[in-house]
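Please consider the sequence and the model before reading the answers.

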Amino acid sequence: MRSALLACLAAGLMASGAAHAQQAEHAEVNRLLRAGQHTEALAKADQHLAANPKDVQMRFLKGVVQSESGKVADAMATFTDLTKEFPELPEPYNNLAVLQANQGQFDKARVALEMAVRTNPAYVTAHENLGDVYAKLAAQSYAKVQQLDPANTTVGPKLTMARNIFTPPKAAGSQRK
């Protein structure tokens, strides 16, 4: 009985040691990312994932590093794989949607963000990003109306409002006279 208890304690300590080592590697990749050392962060993530291919946190972090280092296609593939393997996680959907929106793929981004908020209705960032995508889609629709019907007088103010959502306000005193 006692040896079984000791074996359980030893296994628990080894597991907590492994978890601590994993957390340290996550922290190191995060540190490298924040320091702008993308190549090193990606190498460290790949090294960790070679030994721990199921580590979802490191896989997500790898996608962030890929995105930050301009490897958008790779990041999109990483986040897409995560959404397929872990459809209950909202963050990969959100990050995939941001990359899609940045490429003007607003319909795809909308679908991904709707999945993010479906999996976590309290995910504020995804809700805000979804609102931004809806505004971009609205602006596209209003611009199409203007193109198809230049005499339409109701769409101009709507288009201006939709576009102004993404235009930072001018600072006081910076207006030309």
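The questions below concern a predicted model and treat its elements, its cores and its helix packing.

Q: How many helices and how many strands does the protein chain have?
A: From the N terminus on, the elements run α-α-α-α-α-α-α-α. The count for the protein chain is accordingly eight helices and zero strands.

Q: What percentage of the residues of the protein chain count as buried?
A: A residue is taken as buried when its relative accessible area is under 20%. Applied to the 177 residues of the protein chain, this gives a buried share of 29%.

Q: Which residues touch the most other members of the largest nonpolar core?
A: The largest nonpolar core holds 18 residues. Helices H1 (2-34), H2 (38-51), H3 (56-68), H4 (72-85) and H5 (90-102) each supply at least two residues of this core. Another core, of 14 residues, lies apart from it, and includes Ala109, Ala112, Val117 and Leu137. In the largest core, the members that touch the most others are Val29, Met58, Val65 and Phe79.

Q: Which residues does Val29 touch, not counting residues up to four places away in sequence?
A: Val29 is one of the members of the largest nonpolar core that touch the most other members. With residues up to four places away in sequence left out, the residues touched by Val29 are Ala41, Lys44, Ala45, Met58, Leu61 and Val65.

Q: Are H3 and H4 roughly parallel or roughly antiparallel?
A: The two helices pack at an angle of about 155°, with their axes 7 Å apart. Angles over 145 degrees count as roughly antiparallel. Therefore H3, relative to H4, is roughly antiparallel.

Q: How do the residues of the contact of H3 with H4 divide into nonpolar, polar and charged?
A: H3 contributes Val56, Arg59, Phe60, Gly63, Val64, Gln66 and Ser67, while H4 contributes Val72, Asp74, Ala75, Thr78, Phe79, Asp81, Leu82 and Glu85. The residues of this contact divide into seven nonpolar, four polar and four charged.

Q: What is the handedness of the crossing of H4 and H5?
A: The axes of H4 and H5 come within 9 Å and cross at roughly 150°. The two helices are therefore roughly antiparallel to each other. Their crossing is left-handed.

Q: How many charged residues are in the contact of H4 with H5?
A: From H4 the contact draws on Val72, Ala75, Met76, Phe79, Thr80, Leu82 and Thr83, and from H5 on Pro92, Tyr93, Asn95, Leu96, Leu99 and Gln100. Nine of the contact residues are nonpolar and four are polar.

Methods
Residues numbered from 1 in each chain as written. Predicted model: local features only at pLDDT ≥ 70, side-chain atom pairs only at ≥ 80, totals over all residues. Heavy atoms only, no water. Core = buried A, V, L, I, M, F, W, Y, C linked by side-chain atoms within 4.5 Å. Buried < 20%, exposed > 50% of the residue type's maximum accessible area, 1.4 Å probe, protein only. Helix = DSSP H or I, 4+ residues; strand = E, 2+ residues; numbered from the N terminus. Contact = heavy atoms within 4.5 Å. Axes fitted to C-alpha atoms, helices over the stretch in contact; angles between N-to-C directions. Parallel < 35°, antiparallel > 145°, perpendicular 65-115°, else oblique. Nonpolar A, V, L, I, M, F, W, Y, C, P; charged D, E, K, R; others polar. Left-handed = near helix turned anticlockwise from the far one by under 90°.
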